[in-house]
Amino acid sequence: MLGPLARGAIFLLAISIVLCTVDDLRSDATTSAAVLSLDDYEEDTGDDSSSFSFTFPETRPRGLVFGFYDETCPDAEELVSSTVRKLYHADPNVAAALVRLFFHDCFIHVRTNKLRARLLIICDAHARTRQDAVFSWTRVQGCDASVLLDRVDDGRKSERDAGPNQSLRGFGAIEAIKQRVEAACPGTVSCADILALAARDSLVLVGGPAYPVLTGRRDSAQSFYYDVSGNIPAPNATYAMTLDAFARRGFTERETVALLGAHSIGKVRCRFFMDRIYNFAGTGAPDGSIDPDMVGEMRAVCGGDGAAPMELGYYRQGREVGFGAHYYAKLLDGRGILRADQQLTAGSTVRWVRAYASGAHGEEVFREDFAHAMVKLSALAPLTGSDGQVRISCSKPVEDN
């Protein structure tokens, strides 16, 4: 059977034969590029931060629908929701863990492929020419539950082994949900859909907005260890690095700032920010963008070496964890825990930070923007239809179950 590159080459050659001139080929290529561009994702770039209206484009990929399991497993979404509630009441930290797990699953796999080919352009029996061309395209494989897979028996590493994923939690929670769903509907509901639904239900439990989750995803049969590094924004990422990581997946600046608001419910281990409070960028001093009082608080929690598994969060009052725009207010006060968070106040993104931190109206806008951005993230290049598989255990591909 021909591989994807061979099939692509044959397809492109077939196209070239029916074209009459090189100019026509260039024209058609330009048209195709316009259709595939991300320029349809518009945002207000004016200076008036009080203007919040903007429209999201249609983001529903083929194969995802509302109520995909209505006939095959009508109780699927309720089973997920009720199990998440039970897990949350036993350990409230599971909510942030499941949201982060979902983000890392959807955000990982981006690959650019290139195909070099010599095209034969035939107009008639007497007019023909050859032209070298390079075709490139980006393949994005997103919400496919690949992050849930264990290392395989032959020693190949999984995404869970990669540095950015070694602190992920929530795998046991997903397995618990899967087992309950499997008992009701064997081999029917994918782990990718369970993770997408569980992340939404977790956000609702901690005070986040409810948003619709389309279903119909299928599970990847493999994990992508080597694609993790460089695709997940690091805790110490700069402003430019964070925006680039999101932009490569089609997210606007505004959507990026909104999605990072999920940090309002999480807790950060000391080892991820120790350099900011003791020796930032080799200066021997704290990061100057942190409020001095915040430096003292962070040192008091973490100690001198940061070896203890202590955590800090964007608490609302005391140590109360909950979803909300208080995260942005803390950034404006220089109380960002991660450099990647505080950097949102260092460039043009500060206008959205200020907008979301501007009281009740800002909170309302943030919740709406966040919900829209999560719908978009949830639809990021899933496997659907006959692609992929439906695992029985979320940590193992079908042939290993």
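Buried means under 20% relative accessible area, exposed over 50%, and partly exposed in between, with a 1.4 Å probe and protein chains only. Keep that in mind for the close-ups below.

**View 1. The whole chain, a predicted model.** This is a predicted model, where local features need pLDDT of at least 70, side-chain atom pairs count only at pLDDT 80 or more, and totals for chains, interfaces and linings use all residues. Residues are numbered from 1 along each chain as its sequence is written, and side-chain values use heavy atoms, with hydrogens and water left out. The protein averages a pLDDT (the predictor's confidence in each residue, from 0 to 100) of 80, and 73% of the residues score at least 70. Over residues 1-59 pLDDT stays under 50, and the model has 65 contacts for them beyond four places in sequence; a contact means heavy atoms within 4.5 Å. You'll find 14 helices and 4 strands here. Helices (H or I, at least four residues) and strands (E, at least two) are DSSP runs, numbered from the N terminus. Of the 401 residues in the protein, 47% are buried. Among contacts with a separation of 6 or more, 74% join residues 24 or more positions apart.

**View 2. Alanine 145, in a loop.** Look between strand 2 (127-141) and helix 5 for the loop that holds alanine 145. With a relative accessible area of 0%, this alanine is buried. Alanine 145 isn't a glycine, yet its phi is positive, about 65°.

**View 3. Helix 3 and what covers it.** The 15 residues of helix 3 should span 21 Å at 1.5 Å a residue, and the end C-alpha atoms are 22 Å apart, which agrees. That expected span is 1.5 Å times one less than the number of residues. Ala76, Leu79, Val80, Ser81, Ser82, Thr83, Val84 and Tyr88 are the buried residues of helix 3. Their cover includes helix 4, helix 5 (171-184) and helix 6 (191-205).

**View 4. Valine 80, up close.** Valine 80 sits in helix 3 (residues 76-90) and counts as buried because its relative accessibility is 1%. Which residues does valine 80 contact, leaving aside neighbours within four places in sequence? They are Ile177, Val181, Ile194, Leu197, Ala198 and Asp201. Take isoleucine 194: 114 residues separate it from valine 80 in sequence, but their C-alpha atoms are 6.7 Å apart in space.

**View 5. The second largest pocket.** This pocket holds about 1100 Å³ of space. Of its 43 lining residues, Arg100, His104, His263, Gly266 and Lys267 are the closest to the centre. Helix 4 gives the most to the lining, with 7 residues. The lining divides into 28 nonpolar, 8 polar and 7 charged residues. Ala, Val, Leu, Ile, Met, Phe, Trp, Tyr, Cys and Pro count as nonpolar, Asp, Glu, Lys and Arg as charged, and the others, Gly among them, as polar. A pocket, on a 1 Å grid over the protein atoms alone, is an open set of points where a 1.4 Å probe fits, with protein on both sides within 12 Å along at least five of seven lines; lining residues have an atom within 4 Å of a point.

**View 6. After helix 14.** Alanine 381 and its segment come after helix 14. At 24% relative accessibility, alanine 381 counts as partly exposed, and its phi is positive, about 45°, although it is not a glycine. Serine 395 also has its place in the segment after helix 14, but is buried, with a relative accessible area of 12%. Not counting residues up to four places away in sequence, serine 395 touches Leu148, Leu149, Asp150, Arg160 and Glu175.

Methods
Grid points are joined across faces, edges and corners, and a volume is the space filled by probe spheres set on the points.
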